[in-house]
Amino acid sequence: MSSHFENSGPLWRPADPPFTAVERLRRLINSKHGLNLANYHDLHQYSVESFTFWLDLWEFLGIISSIPPKKILEPGPITEVPIWFPDTRLNYAENLLFRKDDAIACTAGGESGVVKHYSYRQLRELVRQMASAMRHHGLQKGDRVAGIVNNTISSVVICLATASIGAIFSSTATDMGTHGILDRYRQIQPRFIFAETEVLYAGKVVDLLPKLSEVFRELRKHGLQHAIALPSLVSGKEISVADSVPLSKFLAKDDGHELIFEQLPFSQPLFILYSSGTSGPPKCIVHSAGGVLLQTKKELRISIGMDPDDTYFQYTTTGWMMWTFMLTGLANGTRIILYDGSPFHPDLRTYLKFINDQRVSILGTSPRFLAEIQGQKINPLQLAPFDALKRVAITGAVVTTPLFLWCQQAFGERVHLMSTSGGTDVCTAFVTGVPSLPVYAGEIQGKSLGMKVEVFDPAGKNIEHTGTAGEMVCTRPHPSIPVRFWGDDKSGTKFRDAYFSMYPGIWRQGDFIVVNPRTKGIMILGRSDGVLNPSGVRFGSAEIYTVLEQFSAALDDSLCVGQRRPQDKDERVLLFLKMRKGYKFNDELVAKIKAAIRKALSARHVPAFIFETTDIPYTVNGKRIEIAVKQIVSGSDLKPSGTVANPESLQLYYKYRDLDATPTAPKAKL
Ligand SMILES: CC(=O)CC(=O)O
């Protein structure tokens, strides 16, 4: 077995642990319950043994409710999806709009270069107007409000107004195709839809009208009553769209109604998010207002250490759960940055300068983005001082050890780099940053508080202490387990099949992970359905991607999958490389890569074949799609869903299903 962990010392150490929010929470719990929790690990243990932790957290975070909770769980046996805080009443939007002052709540910027600031007072007024118009048009608790929207102030306003009424918000980004939008919204049957009409992306004006007319027409057959066309994000002018009203006409129905925050149960549905299934219709994951609020506020305040004087910039579209995550920054009284457009236009340097100029203190980004800065040989600290930057929180994919090392040096040793992982399924993180613990390159610092993460072997035995990789499971319920899948049957068959079927009664996340017994840090090695298993050696694709980092000057991207067709006795590993402009794929490179993998991992990790490819499939949320390619090269035909951003790329992989059975040649002539 290869060792997953370096034996080196920490990359970063906390300067002053006593002043972190997580330390304050530990001390509060000690004094409240007469405990002696000595460190984060003790605190985590307490948080997964005693449900009282969630009430402690509620108090610590200052969750606003009209009826404070008395009970933590519905009395009775604890089920997989218990009812949390059954007697409380609250409103998500009220928690986010608790500030009424002139401090900046949102800064809206983008590739156009225009920057606008909105104070908490202004944001409240915009939400009031929107909610008043929505009420006038008949929006009620439980109705669905859909958006085909960019990450702008309007999206924030529409979402918070929806939440103030107790309706359910669901959004897709404007680059989602008609098929993908309808796959989602046909299922949830929105009563209202808000849509951009014209947007700017990568310097190009995109006219959305053809897409909208088809979407509106189809959704009218599924209960749509109000379609609202938003002004152009290019000219600011309203564009007339058939079968819809312009925003100004819709808002003209604001009758001055004050902003009322409906007081709702903790489990009131708030968001519908979508699984990134690459074939078949996406699953519509319903998240509760209370669950999202408590968990995302915990992550931001405790794991990321966000304070009211922070400036938080999460690069995301409205189609990713990180958009909803980012929004809760407002519940910390923090300024959040909304960015509309491509980070690569006009160029990455301009985008990095924007981050510096806005004095971003917490940057949320992805490994793909960081790898792009590295690949373009940009040195951020030569561009700007980044002196406000305290933390870089990285999510969306695995952060390899070399990328960690590069990033630390690129942003300076002062900056706390944290890798986090959770997902759409729980709208929060399972494993995360811990501001009071050191950071080790390539490792996620710890398990998030309240999340009882364990590592199981296929038989359901906990193998965490052995340092062996296995399935990530969560063996205890927590408040942001989804309420249900929209459209599932009464007993929640699809929901249970998705999460609780492999280990009955236990949540299986679908990630393949290993915990370092020395540091307790976590490494995600890939998705468990993409685990590579040649001749019985189980390993994750991230282990191969880590080795490939040393070739990053030549490699633009890569994809590593297992192939096992009906006629094969064993699985073999295929590695696809996408070359950077000006670099050639040849036998010498293949030999060097094989030697590097053999040295870093073992001879049994060396892919049977290495090929050049011109495109690698990604989801619309920027995740590399291994499973679809694995299925294709193993002989299945695949009808890509609207979740695949570049479905045509999948065609490139069909030819490999006829690959010669003997894995000898360094490259096949196909
Ligand atoms: C928190 C996350 O895990 C985000 C994601 O990758 O979907």
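Q: Which residue in E15 is the bridge partner of Tyr312?
A: In E15, Ile336 is the bridge partner of Tyr312. This is a predicted model, in which local features need pLDDT of at least 70, side-chain atom pairs count only at pLDDT 80 or more, and totals for chains, interfaces and linings use all residues.

Q: What makes E14 and E15 a pair of strands?
A: Strands (E) are DSSP runs of at least two residues, helices (H or I) are runs of at least four, and both are numbered from the N terminus. Two strands pair if DSSP finds at least two bridges between them. E14 and E15 are joined by three bridges and run parallel, so they pair by this rule.

Q: Which residues of E14 point one way, and which the other way?
A: Thr311 and Phe313 point one way from strand E14 (residues 311-314), whereas Tyr312 and Gln314 point the other way. In a regular strand the side chains alternate between the two faces of the sheet. All of these E14 residues are buried.

Q: Why is Ala161 called buried?
A: Buried means under 20% relative accessible area with a 1.4 Å probe and protein chains only; over 50% is exposed, and in between is partly exposed. Ala161 has 0% relative accessibility, so it counts as buried. This residue is found in helix H6.

Q: Which residues does Ala161 touch?
A: Contact means heavy atoms within 4.5 Å. Leaving aside residues up to four places away in sequence, Ala161 touches Val127, Met130, Ala131 and Met134. Ala161 and Leu381 are 220 residues apart in sequence, and their C-alpha atoms are 40 Å apart in space.

Q: Why is H10 called largely enclosed by the rest of the structure?
A: In H10, 15 of the 15 residues are buried, so the helix is largely enclosed.

Q: How many residues has helix H1, and what does it reach from its first C-alpha to its last?
A: Helix H1 (residues 21-33) has 13 residues and reaches 18 Å, close to the expected 18 Å. Its buried residues are Ala21, Val22, Glu23, Leu25, Arg26, Ile29 and Asn30. These pack against helix H2 (40-49), helix H3 (52-61) and helix H10 (289-303). H1 is followed by Gly34, with a positive phi near 60°.

Q: Why are E19 and E21 said to stand at the edges?
A: Three strands form an open antiparallel sheet in the order E19-E20-E21. Strand E19 (421-423) and strand E21 (446-447) each have a single partner strand, so one side of each is left without a neighbour in the sheet. Strand E20 (residues 428-432) is joined to E21 by two bridges, and Thr432 has Gly446 in E21 as its bridge partner.

Q: What makes a space a cavity and not a pocket?
A: On a 1 Å grid over the protein atoms alone, a 1.4 Å probe fits in a cavity but cannot get out, while a pocket is open, with protein on both sides within 12 Å along at least five of seven lines; lining residues have an atom within 4 Å of a point. Points join across faces, edges and corners, and a volume is the space filled by probe spheres set on them. The count is two cavities of 30 Å³ or more.

Q: How many residues lining the largest cavity are charged?
A: That lining has eight nonpolar, three polar and no charged residues. Nonpolar means Ala, Val, Leu, Ile, Met, Phe, Trp, Tyr, Cys and Pro; charged means Asp, Glu, Lys and Arg; the others, Gly among them, are polar. The second largest cavity has four nonpolar, one polar and three charged lining residues.

Q: Which element gives the most to the lining of the second largest pocket?
A: H6 does, with four residues. This pocket has a volume of about 820 Å³.

Definitions and conventions
Residues numbered from 1 in each chain as written. Heavy atoms only, no water. Expected span 1.5 Å × (residues − 1).
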